[in-house]
Amino acid sequence: MRGGDVLSIQGKRCGGSDSEILLIFLWVGRKTTGVEEDETRDTRPDIAAAVRGGDPEQGMDGEGDPATASLEQALYWREIYREILAMEEKVLKRIQDLMAKQSPTARREVEQSNVPVVTAQAERFRHRLRFWTTRVSELE
């Protein structure tokens, strides 16, 4: 898809970047699998991580209630999300560098399996960073 294109997922019109569409797809798919969420999380940590990574509203453990956060807490979480996002962006860059040296078949598999997961995580952290940056501005 190109920027500005519109996609319909389960009757909802969705527009935006490829990564935003991917996040919507992952989130919608999570809700329609029919698998017991708690059971899956207990037995499949990879699934639990993918579900968590696909939810941009999912805060980190210990993040607390953002609506009642102090300026000090907001500054802390903004920095944490900056650190994590920087790492995720380095991971994506490294994956791209490695893919350039792979056969077309291997590269295609990485594009279909690894890249979407790391991209979803990066988008989640980017979303949370924007949230905390806004919260800092509100509190200053």
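1. Buried here denotes a relative accessible area under 20%, exposed over 50%, and partly exposed the range in between, computed with a 1.4 Å probe on protein chains only. By that scale Glu 79 is partly exposed at 37%, and Arg 82 is partly exposed at 39%.

2. The model is predicted: local features need pLDDT of at least 70 and side-chain atom pairs count only at pLDDT 80 or more, whereas totals for chains, interfaces and linings use all residues. Residues are numbered from 1 along each chain as its sequence is written, and side-chain values use heavy atoms, with hydrogens and water left out.

3. A salt bridge is a side-chain nitrogen of Lys or Arg within 4 Å of a carboxyl oxygen of Asp or Glu; the count comes to six. Glu 79 and Arg 82 form one, with closest N and O atoms 3.7 Å apart.

4. Arg 128 and Glu 63 are joined by a salt bridge at 2.5 Å between the closest N and O atoms. This pair links distant parts of the chain, 65 residues apart: Arg 128 is in helix H5 (residues 104-139) and Glu 63 in the loop between helix H3 (45-53) and H4. Helices are DSSP runs (H or I, at least four residues), numbered from the N terminus. Both Arg 128 and Glu 63 are buried.

Technical notes
Helices (H or I, at least four residues) and strands (E, at least two) are DSSP runs, numbered from the N terminus.
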